[in-house]
Amino acid sequence: MGLRLLGFLQPWELRAYDHLMRSRPAETADPRLLVVEVTQADSDRYGYPLSDDTLATLLETLQALQPRVIGVDLHRAQARGMGRERLLAQFQQHPHLVIVCGFGAGDRTYGPPPEFSPEQAVQQVGFSDLLLDGQPRPADSARTDLVHPQQASPIGDVVRRQLLSYDPTLAPVPSHCATPYSLGLQLAFRFLAMDGVQPLQVNEQGHWQLGTVALPALPRRFGGYQNLNGLSNQILINYRTAPPGQRVTLDQVLSGQITAAAVQDQVVLIGTTAPIARDSLVTPYGEMPGVWIHAHMVSQILSAVLDDRPLIWTLPQKGGVQWGDALWILVWAAVGAGLPRLRRRWVWLAAQGGATLALYYLCWVALLQGGWLPLVPSVLALWLTSGLLVGVRELKHSTVQRVALRAKV
């Protein structure tokens, strides 16, 4: 627990967590989500970035098919070719349209459309910034884990956490992004409101709550994490083992190849998956376009509220004291202390292996229910305790033999 508290085990615990996530059985796609991908073929045909005119046509086509809410994971702080007025008219006519901005980037091009009213800049905008577990960045040392997707390194940065809301005044650089809500939270809130779910509110513990489901913010220490800021409203992403929604391309929509049944009452996300956009990040399931990461975030909230799908949880703790994890690790240290009673080395090693497999299986089963149990510290406690006791026993045995030999001489 001391090594863990100092952060030495965090990289190993996060890798073990990723492995357990990938080892879970397959899940079905979320039937409430549809992702419209702007692929490389679409970029070659319609241009990159998409013009305002093309985007307006896409939104008009989708609106005719009656989705519940549309999230546009494309930045539009600046006009792109013709069609600006048509595009802005879509947002004025349809309040369930949400576009992104980025407060982790100081560039004005990541802000919301400047034509938006103050109300639109908050209600119809969600930030697209993501939390990364990776190497610190000197450029934003105030918040080394917060970054806009296009600023991320493709190696060593892993998206495991979801930022629900954030005070824009705390951004590491001055920002034009004024909304305190993430794209995922904006979309999920609107979808659930149309289902009659109790409006988004802050409960007595200061956590966001939708209906009967609370979204508890991560404390400073949570599972294998030992150095979170404990201030921002973030949760772990319980990724689905399959894409969280159906996939269509921009060209399929514009050419009329999708039906109303595929769009009606859906959450629709629009984003670029073409390599030219540089909008892919590493997740526990490998590299993934940003729009699909946002889809996982939306699906997680909807599934937790409507399907009782669990959020990621850990054993009980009090503030920064992870006493539940400590007791779990102590149990496995006790198991390790009992195994040296097996005198034969091969039997002891077989028992150690069996106990390790049992520990791994229990952690895997727990994660199926959303529970993150301390695997790496428990394995270390099991093997170190057992190994040290075996070493002490053999040292005593060799000492007795030497004394007996001297006495005989």
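Buried here means under 20% relative accessible area, exposed means over 50%, and partly exposed lies in between (1.4 Å probe, protein chains only). Helices (H or I, at least four residues) and strands (E, at least two) are DSSP runs, numbered from the N terminus.

The model is predicted, and local features need pLDDT of at least 70, side-chain atom pairs count only at pLDDT 80 or more, and totals for chains, interfaces and linings use all residues. Residues are numbered from 1 along each chain as its sequence is written, and side-chain values use heavy atoms, with hydrogens and water left out.

Strand β14 runs antiparallel to strand β15 (residues 286-289), and four bridges join them. Two strands count as paired if DSSP finds at least two bridges between them. T283 has G286 of β15 as its bridge partner. The two strands form a hairpin, with two residues between β14 and β15.

Other strands pair as well. Strands of a sheet pair through backbone hydrogen bonds, either parallel or antiparallel. An open sheet of three strands has the order β8-β9-β10, and its pairing is antiparallel. Its edge strands are β8 (201-202) and β10 (213-215), each of which pairs on one side only. Three bridges connect strand β9 (residues 208-210) with β10 in the antiparallel sense, and W208 has L215 in β10 as its bridge partner.

In strand β5 (residues 130-133), L130 and L132 point one way, L131 and D133 point the other way, and all are buried. Strand β5 pairs with β7 in the antiparallel sense over two bridges. The bridge partner of L131 in β7 is R161.

The bond joins C101 to C177, with an S to S distance of 1.8 Å. It links distant parts of the chain: C101 is in strand β3 (residues 97-101), and C177 is in the loop between β7 (158-165) and α7 (183-194), 76 residues apart. Both cysteines, C101 and C177, are buried. C363 also counts as buried, because its relative accessibility is 1%.

Next come two residues with contacts beyond their sequence neighbours. R32 lies in the loop between α2 (10-22) and β1 (33-38). R32 is classed as buried because its relative accessible area is 13%. Contact means heavy atoms within 4.5 Å. Leaving aside neighbours within four places in sequence, R32 is in contact with F191, Q266, V267, L302, S303, L306 and D307. R32 and G245 are 213 residues apart in sequence, and their C-alpha to C-alpha separation is 7.0 Å.

H296 sits in helix α9 (residues 290-306). With a relative accessible area of 5%, H296 is buried. Outside four places in sequence, H296 is in contact with I237, Y239, R240, A242, P244 and M288.

L327, by contrast, counts as partly exposed because its relative accessibility is 47%. The residue L327 belongs to helix α10 (residues 323-338).

Conventions: Disulfide = S-S within 2.5 Å.
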